[in-house]
Amino acid sequence: VSFLRRSKFEEGGMMEVSASNNVSLREFGCEQNLLSRPDGSASFVQGDTSVMAGVYGPAEVKVSKEIYDRATLEVLLQPKVGPAGVREQSQEQCVRETCEAALLLSLHPRSSLTLILQVLHDDGSLLSCCLNAACMALMDAGLSMSCLFCGVTCAIGADGDIIADPTAAQEKESRALMTFAIDSTERRVMMSSTKGSFSVQELQECVAVSQKASEKVFQFYRDSVRRRYSKNL
Amino acid sequence: LASGMFSSLKEKIGEVLLPGDEFVFESEDTIFLTDNVKPERPVCGPGLRQSGNRLVVSKSGVLRHKPPHTFWMDSQQWRYVPAKAETVIGIVTSKSGDIFKVDVGGSEQASLSYLAFEGATKRNRPNVQVGDLVFAQFTVANKDMEPELVCIDGSGRANGMGVFGGGGLLLKVSLGLVRRLLAPQSDIRSDLEQLFPCELVVGMNGRIWVRASTIQQTLIISNLLQSCDTLTAPQRREQFRKLQKGGL
């Protein structure tokens, strides 16, 4: 069971860590607006890990879930097979809290936003792939956001080396596994989910690696949205 | 007086921006001694927010500009959020006493008073049934209140609004396409006019109602409109040309 903690790393308070200049991620790709029924949709692929996301909203909300000054965000994570369990619920919570921090929910009070994530294939770094798919789908739905976010998973191997965007096999061999959500404006950590044992130094190194890797993902976001709007520039 | 911010904003007109992109005002260290000179500030439309001396993008899309100082983000979106004075196509879902509930595709149903029709009085009620289509305008639309529609303009005239929709077809397209159709010089509309005569009702909520002289032509137009979202201008013209050659 993963251990969750929401934290914020101030830049001033950060230890000096040296991140290698070239962080390697697996091939990633994305398609927006591929489903016709939801208001926004996206599929995100990282290596062999693939997640599809659909967003509905701002729509009518159940009275029991109504919040008077902001929209209610619901995140549902559907595993590839079988019903959703505790693992999915904890990942849903991570995604929801990240989205809540990025979205301007107060613009749509007393309405509901529903984000549905369908796992198509899990080959490691699932949570980060979910976060990326979620961000692309929210953008596709045209919801107002204060910033974008991306997810990066880091694994610490038995010999202490850091692998960004690990595969399932690499995750299995790792001593510790951590996923961070990074925001696009200040490259700060919005959410962290960690598992296993590691030192403070290692945590800081992983944050630095993730921040480095996030640059690539954000550049990819920009290119992919630009491609989408190229038809009606 | 053109400040640095305006030039940096104007450089980006027509470019794709993402949420979180920001423009910073230059701090106003110049004090004008004459009262009539006001510092120029941009007017923010949808997708842009002003906070302090920063202007932040909150929706992904293309930055558009209308002289002198209006800027907004043109984004492709499917879900409608009511805005005051916009005209929409609604579906009447229920009648309860003095008001009709109308589905406009937003997060909440809009209310439409039975007195808000041309020539309607307490005795002379308009003939509106559940399931009817209405073309109406928002008089109240903000995030905190229930949206309200009317089918009359300021002088009590229908002005094209009211119940409609015999023998036509209602379709749903993206909000971006609707805006392109309603633009003063719309290239899609002029392409469409050359095809064959048809009646179009375009609501800002992404609903379009079409009627042509035959059902076949109605369907052709509705298919064309729905494909316009994913076609570039040359591809669209090619489609239209093919149809004209098809000997309809």
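Reader: Which residues are linked with Asp187(B) in a network of salt bridges?

Author: This is a predicted model, where local features need pLDDT of at least 70, side-chain atom pairs count only at pLDDT 80 or more, and totals for chains, interfaces and linings use all residues. Side-chain values use heavy atoms, with hydrogens and water left out, residues are numbered from 1 along each chain as its sequence is written, and chains are lettered from A and ligands numbered from 1 in the order in which they are written. A salt bridge means a side-chain nitrogen of Lys or Arg within 4 Å of a carboxyl oxygen of Asp or Glu. In the network, Asp187(B) is linked with Asp191(B), Arg236(B) and Arg237(B).

Reader: How far apart in sequence are the parts that Asp187(B) and Arg236(B) tie together?

Author: The two form a salt bridge, with their closest N and O atoms 3.2 Å apart. Asp187(B) sits in helix 3 of chain B and Arg236(B) in helix 5 of chain B, so the pair joins parts separated in sequence by 49 residues. (Helices, H or I with at least four residues, and strands, E with at least two, are DSSP runs numbered from the N terminus.)

Reader: Is Arg236(B) buried or exposed?

Author: The cut-offs come first: buried is under 20% relative accessible area, exposed is over 50%, and partly exposed is in between (1.4 Å probe, protein chains only). Arg236(B), at a relative accessible area of 1%, is buried.

Reader: What covers the buried residues of helix 4 of chain B?

Author: Helix 4 of chain B takes in residues 215-228, and its buried residues include Ile220(B), Ile221(B), Leu224(B) and Leu225(B). An α-helix has 3.6 residues a turn, so residues three or four places apart point the same way. The cover for those buried residues includes strand 14 (169-172), helix 2 (175-182), helix 3 (187-193), strand 15 (198-202), strand 16 (207-212) and helix 5 (233-245) of chain B.

Reader: Zooming out, how much of chain B counts as buried?

Author: Chain B has five helices and 16 strands. Its C-alpha atoms fill a box of roughly 65 × 55 × 30 Å along the principal axes. Of its 248 residues, the buried part is 41%.

Reader: How many salt bridges are there between chain B and chain A?

Author: Start with contact, which means heavy atoms within 4.5 Å: 31 residues of chain B are in contact with 34 residues of chain A. One salt bridge pairs Asp39(A) with Arg79(B), the closest N and O atoms being 2.9 Å apart. Between chain B and chain A, the count of salt bridges is three.

Reader: What area do chain B and chain A bury between them?

Author: The size of an interface is often given as the accessible area lost when the parts come together. Here, buried area is the accessible area (1.4 Å probe) that two parts lose on being put together, summed over both. For chain B and chain A, 52% of it is on carbon and sulfur atoms, and the total is about 2,700 Å². In chain B, the residues losing the most area to chain A, together 22% of what that side buries, are Val16(B), Leu18(B) and Arg79(B).

Reader: Over in chain A, which residues does Ser214(A) contact, leaving aside neighbours within four places in sequence?

Author: Ser214(A) is found in helix 4 (residues 200-229) of chain A. Its relative accessible area is 0%, so Ser214(A) is buried. With those neighbours left aside, the contacts of Ser214(A) are Cys150(A), Val152(A), Ile182(A) and Arg187(A).

Reader: How far apart in space are Leu117(A) and Lys80(A)?

Author: Leu117(A) belongs to strand 6 (residues 112-121) of chain A, and at 0% relative accessibility Leu117(A) counts as buried. Leu117(A) and Lys80(A) are 37 residues apart in sequence, and from C-alpha to C-alpha the distance is 10 Å.

Reader: Where in chain A does Glu202(A) lie, and is Glu202(A) buried or exposed?

Author: The side chains of Arg175(A) and Glu202(A) meet in a salt bridge (2.7 Å, N to O). Arg175(A) is in the loop between helix 3 (168-173) and strand 9 (176-183) of chain A, while Glu202(A) lies in helix 4 of chain A. Arg175(A) is partly exposed at 33%, whereas Glu202(A), at 14% relative accessibility, counts as buried.

Note on methods
The expected span of a helix is 1.5 Å times one less than its number of residues.
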